[in-house]
Amino acid sequence: MSGAVLFDLDGVLLDSRDAMLATLAGIATASLSRRVTVTDLPPDAATTPRAEVLTRLGVAEPDELCEVWWDPALATAAGTALFPGVLDGLMAIKDAGISTGLVTLQTRARLPWLLPPAALALLDVTVCREDAEPKPAPDGLLLALAKLGAAPFKAVFLGDTPGDIAAARAAGVAPLGAGWGYAGPAALKAAGAAAVLNDAALIGPGLLDFASCPPSGLTATTRTR
């Protein structure tokens with residue numbers, strides 16, 4: 001079995017924080033018949049399940065509301081973009097012959113308008129919300145590895161929340177933290193990341209060097225490709 005590098009999407013490959021927060025504020029505005037701005041959201045809105053955030057704002061039946069309004073609200077929110085260095089890093093991983101996978105809470109239908117075609121083409125496997133039990137359950141990671149024919153001990157998962165780190169640890173995959181993402185380096189270290197990267201430009205084939213490394217709280221500060 002070959003090695004594999006798995007990624008979360010939001011806050012890791014994709015800078016979507018502003019769009020996600022704007023979407024939450026927009027749905028709350030439509031439901032509550034009063035204007036809700038991003039500054040009105042809870043401080044932890046970016047790392048809290050959307051239904052919980054909306055409930056705390058006073059929105060009734062948030063899951064049902066999101067089924068109807070989340071996609072159009074997200075599609076018309078402030079634009080999303082790859083973090084600088086992500087596309088080059090994915091290309092370097094592909095050139096090195098290493099398998100790649102995406103494990104995300106986004107639905108499959110959203111991927112074509114969230115990610116540029118060039119980035120999608122560099123991902124060998126995509127596991128979305130409808131494919132497996134969401135993180136922090138390990139199901140999505142294990143499904144991606146099964147599709148890639150990669151063993152957990154030969155894989156790494158780069159995520160940006162404690163739930164991502166927990167999912168990787170439960171799957172037996174080396175958990176790496178994206179310090180530029182939603183939760184921040186301190187939360188990722190506390191969750192047990194084997195290493196925390198401080199720049200998306202560090203994405204590259206060298207990430208696989210962390211496979212089978214025990215959690216150590218190290219911080220990666222050098223380029224890995």
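Biologist: Which residue follows H4, and is its phi positive or negative?

Modeller: Gly97 follows H4, and its phi is positive, near 75°. H4 is a helix, residues 86–95. Helices here are DSSP runs of H or I with at least four residues, strands are runs of E with at least two, and both are numbered from the N terminus. This is a predicted model, in which local features need pLDDT of at least 70 and side-chain atom pairs count only at pLDDT 80 or more, while totals for chains, interfaces and linings use all residues. Residues are numbered from 1 along each chain as its sequence is written, and side-chain values use heavy atoms, with hydrogens and water left out.

Biologist: Which residues of H4 are buried?

Modeller: Buried means under 20% relative accessible area, exposed means over 50%, and partly exposed lies in between (1.4 Å probe, protein chains only). In H4 the buried residues are Val86, Gly89, Leu90 and Ile93. They line one face of H4, because seen down its axis they fall within an arc of 100° (the arc of the directions from the helix axis to the C-beta atoms). Their cover includes strand E1 (2–7), strand E3 (81–82), E4 and helix H6 (117–120).

Biologist: Which residues of H8 are buried?

Modeller: An α-helix has 3.6 residues a turn, so residues three or four places apart point the same way. In H8 the buried residues are Asp164, Ile165, Ala167, Ala168 and Ala171. They cover an arc of only 160° around the axis, so they are on the same side of H8. The buried residues of H8 pack against helix H7 (139–148), E6, E7 and H9. Just after H8, Gly172 has a positive phi of about 80°.

Biologist: Which way do the residues of E7 point?

Modeller: In a regular strand the side chains alternate between the two faces of the sheet. From E7, Ala174, Leu176 and Ala178 point one way, and Pro175 and Gly177 the other way. E7 (residues 174–178) is mostly covered, with 5 of its 5 residues buried.

Biologist: Which strands pair with E7 in the parallel sense?

Modeller: Two strands pair if DSSP finds at least two bridges between them. Strand E6 (residues 150–159) pairs with E7 in the parallel sense over 4 bridges, and Leu158 has Leu176 of E7 as its bridge partner. E7 also pairs in the parallel sense with strand E8 (residues 195–197), over 3 bridges, where Leu197 of E8 is the bridge partner of Ala178. From E7 the chain crosses through helix H9 (residues 185–191) to E8, in a right-handed β-α-β crossover. Right-handed means that, with the strands pointing away from the viewer, the path from the first strand over the helix to the second runs clockwise. E6, H8 (residues 162–171) and E7 also make a right-handed β-α-β unit.

Biologist: How many residues does the largest nonpolar core have?

Modeller: A nonpolar core is a set of buried Ala, Val, Leu, Ile, Met, Phe, Trp, Tyr and Cys residues joined through side-chain atoms within 4.5 Å. The largest has 54 residues, and Phe7, Leu158, Ile203 and Leu207 have the most contacts inside it. Helix H1 (residues 17–32) gives the most to this core, with 6 residues. Apart from it lies another core of 17 residues, among them Ala4, Ala132, Ala144 and Ala171.

Biologist: How many disulfides does the structure have?

Modeller: A disulfide is a pair of cysteine sulfur atoms within 2.5 Å. The search finds 0 in the whole structure. Cys66 is in no disulfide, and the nearest cysteine sulfur, that of Cys128, is 18 Å away. Cys66 counts as buried because its relative accessible area is 3%, and Cys128 because its relative accessible area is 2%.

Technical notes:
Contact means heavy atoms within 4.5 Å.
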